[in-house]
Amino acid sequence: MKNTPEPHAGYAARDRAWHPPALHPPYKTSVMRAPSAPLLSLPTSLGEETGPVFGHAMLGDMDHDLVHNFAEPGESAIGPRIIVHGRVTDEMGRPVPNALLEVWQANAGGRYRHKKESYLAPLDPNFGGCGRVLTDEQGFYEFRTIQPGAYPWPNGGNDWRPAHIHFSLFGTAFAQRLITQMYFEGDPLIPHCPIVGAIPQKDAVESLIAELDMTRTVPMDARAWRFDIVLRGKRQTLFENRLEGL
Ligand SMILES: [Fe+2]
């Protein structure tokens, strides 16, 4: 629970050094992606400010079970079965309920189900690699999956991504979508990853590493990892020309 602050009041200043710089040459594609001109602030549209709003009725029964949600009946994905769970809170430690979490990942061999995937590790016919879940009233979430494998990528000639799960979080509107990656405690590839290396602060890297949670393992079934997520809160004053949180 290292990432979950105790609920408290007060002001939390934005730390702009927390995020990696847009340009980090060891991560090659950042050279092309990094803006070369000052950023422009674009006005949001009504659609971005009001939706989409997700409810439990919009999620399928198997959306939070990647072990089975792409598998043939009676079959399951190959690989170490795991539970990933945690809590989404704002920077004051207050739970964020009804946040949609979408996850995607490689299979146990490190292979994505994607037409541009070029890694020679085989596809698992019973694993799609996508899932989603809503946080409950107290901000907790949980999904089942298989532990993804590390994979190579054409960056510096011999770079390998540590095992990771991609996360997207929706707040109360499309403009509040946040994206990050979760890593696994003890993975020796983490310090070698050029993408992780773009993150300047050690604490920020550690906030992305899930901890093995033996209290939530299921005997003879699955290990468990805890990954808590902390967002900025909706503390922005409601200005006449800007809706809260945007
Ligand atoms: Fe990935």
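In what order do the elements of the protein run from the N terminus on? I read them off as α-α-β-β-β-β-β-β-β-β-α-β-β-β. My tally for the protein is three helices and 11 strands. A reminder to myself before going further: this is a predicted model.

**Entry 1: confidence**

I looked up pLDDT before anything else. The average for the protein is 88, and 90% of the residues score at least 70.

**Entry 2: overall dimensions**

Does the radius of gyration agree or disagree with that of a compact globule? It agrees, because a compact globule of 246 residues would come out near 18 Å and the protein has 19 Å. Along the principal axes, the C-alpha atoms fill a box of roughly 55 × 40 × 35 Å. I noted that 24% of the 246 residues count as buried. I also checked contact range: among contacts with a separation of 6 or more, 69% are between residues 24 or more positions apart.

**Entry 3: the nonpolar core**

Which residues touch the most other members of the largest nonpolar core? In this set of 33 residues they are Val84, Leu101, Ile146 and Ala210. Strands S1, S2 (100–104), S4 (140–146), S7 (164–170), S8 (178–184) and S9 (209–212) each give two or more residues to this core.

Leaving out residues up to four places away in sequence, Ala210 touches Val84, Met182, Tyr183, Phe184, Glu185, Trp225, Arg226 and Phe227. Val84, one of those partners, took me to the next entry.

**Entry 4: strand S10 and its partners**

How do S1 and S10 pair, parallel or antiparallel? I found them parallel, over four bridges, with S10 covering residues 223–226. The bridge partner of Val84 in S10 is Trp225. S9 joins S10 too, through two bridges, and these strands run antiparallel. Here Leu212 stands opposite Trp225. I like Trp225 as a landmark: Val84 is its bridge partner, and Leu212 stands opposite it.

I also looked at the loop between S9 and S10, where Asp213 is found. Asp213 counts as partly exposed because it has 18 C-beta neighbours inside 10 Å, and the cut-off for buried is 20 or more. Beyond four places in sequence, Asp213 touches Ala224, Trp225 and Arg226. Asp213 and Val84 are 129 residues apart along the chain, yet their C-alpha atoms are separated by 9.3 Å.

**Entry 5: a UniProt range**

An unreviewed UniProt entry lists residues 84–112 for "domain: Intradiol ring-cleavage dioxygenases". I looked at what the model has there: 0% helix, 41% strand, and 19 Å between the end C-alpha atoms.

His166 lies in strand S7. Why is His166 partly exposed? It has 16 other C-beta atoms within 10 Å, which means it falls between the limits of 12 or fewer for exposed and 20 or more for buried. Its contacts, not counting residues up to four places away, are Val103, Trp104, Gln105 and Gln181.

Asp65 is in the loop between helix H2 (46–50) and strand S1 (81–90). Leaving aside neighbours within four places, Asp65 is in contact with Phe143 and Arg144. For a sense of distance, I took Asp65 and Ser45: 20 residues apart in sequence and 34 Å apart in space, C-alpha to C-alpha.

**Entry 6: positive phi**

I picked out two residues other than glycine with positive phi. Asn98 has a phi of about 55 degrees and lies in the loop between S1 and S2. Met220 has a phi near 60 degrees and sits in the loop between S9 and S10. Is Met220 buried or exposed? Met220 counts as exposed, because it has 5 C-beta neighbours inside 10 Å. Asn98 is partly exposed, with 17 other C-beta atoms within 10 Å.

Definitions and conventions: Residues are numbered from 1 along each chain as its sequence is written. This is a predicted model: local features need pLDDT of at least 70, side-chain atom pairs count only at pLDDT 80 or more; totals for chains, interfaces and linings use all residues. pLDDT is the predictor's confidence in each residue, from 0 to 100. Two residues are in contact if their C-beta atoms, placed from the backbone, lie within 7 Å. A nonpolar core is a set of buried Ala, Val, Leu, Ile, Met, Phe, Trp, Tyr and Cys residues joined through C-beta atoms within 7 Å. UniProt positions are given in the numbering used here, feature names are shortened, and annotations may be inferred rather than shown by experiment. Two strands pair if DSSP finds at least two bridges between them. The radius of gyration is taken over C-alpha atoms; the globule rule is 2.2 Å times the number of residues to the power 0.38.
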